[in-house]
Amino acid sequence: MTMILKFELPSCRDCRELDKRVDSLVRKYPDIKVETHNLMLSLEARQRRVQVVPTVIVLKEGLEVIRIERLPTMEELEAVCT
């Protein structure tokens, strides 16, 4: 199973764009699971040592396969999630 962890802040413009890109990806690949975390409030963010937004972590079978600490392109998202 593929899971996308998104770490964001409400005031982040790139984070809002990330939401659109991930939503589009999930419509195309409905088996992908997504969790969204507020960087300032999330215990998950602290445990995974996320310090910048947006950050995307892709997990496959529970293991981190990639971490992108910026707004990824659709092509990057598709390549790591499929």
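Select leucine 59 to start: its relative accessible area is 8%, so it counts as buried (buried is under 20% relative accessible area, exposed over 50%, partly exposed in between, with a 1.4 Å probe and protein chains only). Before you go on, note that this is a predicted model, where local features need pLDDT of at least 70 and side-chain atom pairs count only at pLDDT 80 or more, while totals for chains, interfaces and linings use all residues. Residues are numbered from 1 along each chain as its sequence is written, and side-chain values use heavy atoms, with hydrogens and water left out.

Stay on leucine 59 and colour by secondary structure. Leucine 59 sits in strand S3, which covers residues 55–60 (strands are DSSP runs of E with at least two residues, helices are runs of H or I with at least four, and both are numbered from the N terminus).

Now show what surrounds it. Leaving out residues up to four places away in sequence, leucine 59 touches Met1, Thr2, Met3, Leu5, Arg48 and Glu64 (contact means heavy atoms within 4.5 Å).

Next stop, the cysteines. How many disulfides are there? The count is zero, a disulfide being a pair of cysteine sulfur atoms within 2.5 Å. Select cysteine 81, which is in no disulfide: the nearest cysteine sulfur belongs to cysteine 15, 17 Å away. Cysteine 81 has a relative accessible area of 5%, so it is buried. Hop over to cysteine 12, which is buried too, because its relative accessibility is 12%.

Zoom out to the whole chain. Along the principal axes, the C-alpha atoms fill a box of roughly 30 × 25 × 15 Å.

Of its 82 residues, 37% count as buried. Among contacts between residues at least 6 apart in sequence, 61% join residues at least 24 apart.
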